[in-house]
Amino acid sequence: MSEDFYEVLGVSRDADEDEIQQAFRQKASQYHPDVSDDPDAEEKFRKAKKAKEVLTDEEKRQAYDQMGHERFEQAEKRGGFDQGGGGAGGMGGGPFGGGMGGGGGGFEDIFEQFFGGGRGGGRGGGGNRPQAGRDIRTGMSITLSEAYEGVSKEFTIERPEQCPDCDGAGHPADADVETCPECNGQGQVTQVQQTPLGRVQQTQTCRRCGGEGELYSEDCKTCSGDGVVRQEATLQVDVPAGIQSGQSLRMNREGAPGENGGPKGDLLIEVEVEDHPEFERDGADLEHRHAISFPQATFGATVEVPTLDGPVELDIPAGTQSGERFRLQGKGMPRLRGRGQGNLYVDVQIVTPDDLNEEQREALEQFAEAGGEEVDVDRGFFEKLRSSL
């Protein structure tokens with residue numbers, strides 16, 4: 001008898017559920033062990049029943065059609081569907097939405113869907129295999145000048161470290177030891193759960209021994225059996241010129257310690273660039289508001305404006321209006337990875353004096369009259385000028 005489920009039931013590959021159920025009833029009446037004299041009746045009945053179960057389940061049938069009989073059977077023996085070298089990889093509309101194949105996921109994704117993440121569990125997540133430590137995040141504040149120039153910054157962080165008294169073991173070296181009765185020293189336990197895909201076998205780290213396979217008579221007094229303690233560490237990091245708020249620096253192997261000889265995780269440092277009293281930042285560009293007097297705006301002038309490299313001269317042409325913008329090319333922030341610098345934009349603001357001596361007042365009144373301005377002694381020329389801007 002063929003192993004192919006369609007041939008086992010004697011139906012076509014486009015048979016609907018009613019045809020499959022009817023074919024199974026015929027096979028059952030023919031090969032049920034209680035009614036059949038066929039020496040292979042039990043095996044034939046088992047195969048027909050299995051064929052019916054798969055082909056009447058929409059999700060399983062789709063996987064079976066995609067993978068073929070042999071690979072489907074192999075996947076079920078492992079507790080799930082194997083994406084392998086293409087297999088069920090094209091199942092974009094299958095039971096897991098985006099498919100089980102193509103660039104990752106597959107069998108691991110099935111476990112994540114049903115059990116909330118991977119095959120692991122407990123402290124070790126994988127028995128006695130080496131496990132990398134987790135990444136740690138922290139923050140750092142720098143000035144705009146430090147972001148402009150780049151800086152080597154020293155900072156202190158409290159982080160988990162391997163316990164110095166037990167070398168991360170979690171127990172004294174002379175503690176009594178016994179084999180864990182929960183996992184029989186394997187460090188892992190296996191559970192079987194029924195899912196829409198059938199029976200799924202899940203291997204988890206033993207919760208009782210934490211994946212070590214052994215139990216100890218006492219815990220380390222320093223770390224209370226955790227194998228890690230929190231300690232302060234002083235580190236130094238190179239902050240590149242041009243970094244912006246919200247960007248992170250990574251220090252490899254400066255995170256939490258690994259387990260069972262695994263490497264440390266990484267330290268991620270999120271940078272915040274402080275506000276500057278003279279400049280506002282827009283990416284690689286800087287903006288600066290610069291005050292000039294009415295005569296400077298009228299007759300033109302050369303003024304000194306600040307930059308992060310020091311003051312530079314800026315020519316203000318005659319007749320400049322308040323709010324006009326000037327560009328100083330290349331005087332902004334450096335771009336990361338050495339791709340030049342942004343610009344500094346200077347917005348000029350004409351300042352109206354509010355404390356005139358008599359000579360200044362008379363001169364300006366004459367200026368206003370010469371230009372056809374009516375001078376309102378109560379409001380004053382500059383108040384009128386301010387309201388017109």
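1. A search of the whole structure finds zero disulfides, a disulfide being a pair of cysteine sulfur atoms within 2.5 Å. The model is predicted; local features need pLDDT of at least 70, side-chain atom pairs count only at pLDDT 80 or more, and totals for chains, interfaces and linings use all residues. Residues are numbered from 1 along each chain as its sequence is written, and side-chain values use heavy atoms, with hydrogens and water left out.

2. Cys180 and Cys206. For Cys180, the closest cysteine sulfur belongs to Cys206, and because the distance is 3.8 Å, the two are too far apart for a bond. Cys180 is buried, with a relative accessible area of 1%; buried means under 20% relative accessible area, exposed over 50%, and partly exposed in between (1.4 Å probe, protein chains only).

3. Cys220 and Cys223. Cys220 is likewise in no disulfide, and the nearest cysteine sulfur, that of Cys223, is 3.7 Å away. Cys220 counts as buried, at 6% relative accessibility.

4. Phe5 and Tyr64. The structure holds five aromatic pairs. The ring centres of Phe5 and Tyr64 are 4.7 Å apart and the planes stand at 15°, so this pair is stacked. Rings of Phe, Tyr and Trp (its six-membered ring) pair if their centres lie within 6.5 Å; planes under 30 degrees apart count as stacked, over 60 as edge-to-face and the rest as tilted. Phe5 belongs to helix 1 (residues 5-9) and Tyr64 to helix 4 (residues 58-67), so the pair ties together parts that are 59 residues apart in sequence. Helices (H or I, at least four residues) and strands (E, at least two) are DSSP runs, numbered from the N terminus. Both partners are buried: Phe5 has 4% relative accessibility, and Tyr64 has 3%.

5. Tyr6 and Tyr64. Tyr64 also forms an aromatic pair with Tyr6, tilted, at 6.2 Å centre to centre and 50° between the planes. This pair links distant parts of the chain, with Tyr6 in helix 1 and Tyr64 in helix 4, 58 residues apart. Tyr6 counts as buried at 2% relative accessibility.

6. Aromatic cluster. Phe5, Tyr6 and Tyr64 form one aromatic cluster together with Phe72.

7. Lys52 and Phe24. The charged end of Lys52 sits over the ring of Phe24, 5.0 Å from the ring centre. The criterion is that NZ of Lys or CZ of Arg lies within 6 Å of the ring centre and within 35 degrees of the ring normal.
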